[in-house]
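Let's take a walk through this model, going from one end of the chain towards the middle. Keep the 3D view open as you read.

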Amino acid sequence: MSGLSTNPGGPILGRWEKPFEMLLGSATALILACIMLITCVDVAGRYIFNEPVPGALEVTEFMMGALIFASLPMVTLRNQQVTIDLFEHLIPKSVKYALHVLIQLAGSLCLAVIAWRLWVKAGQMIGQGDTTAVLQLKVWPLVYFMSVLAAVTALILLAMIRQHSTTGG
């Protein structure tokens with residue numbers, strides 16, 4: 001079975017969904033591989049040659065931020081968020097759809113606020129000239145990247161509500 005979304009109502013993003021998921025999936029796999037490589041080289045350098053990779057922690061932190069936010073839209077499209085269905089059987093079917101919509105709206109609102117605040121923070125970082133301590137990397141491009149992907153995820157959640165309502169809940 002492929003990892004691509006199999007939404008019962010069809011693709012949420014239309015013909016762009018498959019390429020979008022492939023792009024994000026490839027990017028997250030590459031980022032994760034780079035994190036593993038840098039960590040292995042850093043540990044080997046530290047213990048074998050007594051010379052760690054300069055800035056390895058900073059680069060790893062950057063890539064972790066990118067990895068997490070690049071994964072959000074993909075996980076949302078695949079509807080693979082962590083859910084707890086312990087009490088789901090107690091909820092009447094007539095209430096489940098409304099509860100689903102309410103949860104999706106709350107998630108979308110939260111992600112929209114996160115996207116907005118990250119966007120504002122990135123602007124402040126440009127003005128202050130924020131960089132990392134060791135490698136002097138500019139931080140704002142990553143924060144803008146995170147903001148855009150949080151906004152995309154918020155929009156995907158809204159599209160999922162729309163799709164769910166048109167396919168009969």
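How many residues does α1 have, and how far does α1 reach from its first C-alpha to its last? The helix has 32 residues and spans 46 Å, close to the 46 Å expected at 1.5 Å a residue; that expected span is 1.5 Å times one less than the number of residues. Helices here are DSSP runs of H or I with at least four residues, numbered from the N terminus.

A quick word on the ground rules. This is a predicted model, so local features need pLDDT of at least 70 and side-chain atom pairs count only at pLDDT 80 or more, while totals for chains, interfaces and linings use all residues. Residues are numbered from 1 along each chain as its sequence is written, and side-chain values use heavy atoms, with hydrogens and water left out.

Back to α1. Its buried residues are E17, E21, L24, T28, I31, I35, D42 and G45, where buried means under 20% relative accessible area, exposed over 50% and partly exposed in between (1.4 Å probe, protein chains only). Y47 also lies in this helix, which covers residues 17-48, but Y47 counts as exposed because its relative accessibility is 67%.

Now look at the loops. N50 is exposed, because its relative accessible area is 67%. In the loop between α2 and α3 you'll find N79, which has a positive phi of about 55 degrees although it is not a glycine. With a relative accessible area of 48%, N79 is partly exposed.

Finally, the largest pocket holds about 730 Å³ of space. Its lining has 24 residues, with T83, E88, H100, I103 and Q104 nearest the centre. α2 (56-77), α3 (93-128) and α4 (140-166) each supply at least two lining residues, and α3 gives the largest share, 9 residues. A pocket is an open set of points on a 1 Å grid over the protein atoms alone, where a 1.4 Å probe fits, with protein on both sides within 12 Å along at least five of seven lines; lining residues have an atom within 4 Å of a point. The volume is the space filled by probe spheres set on the points.
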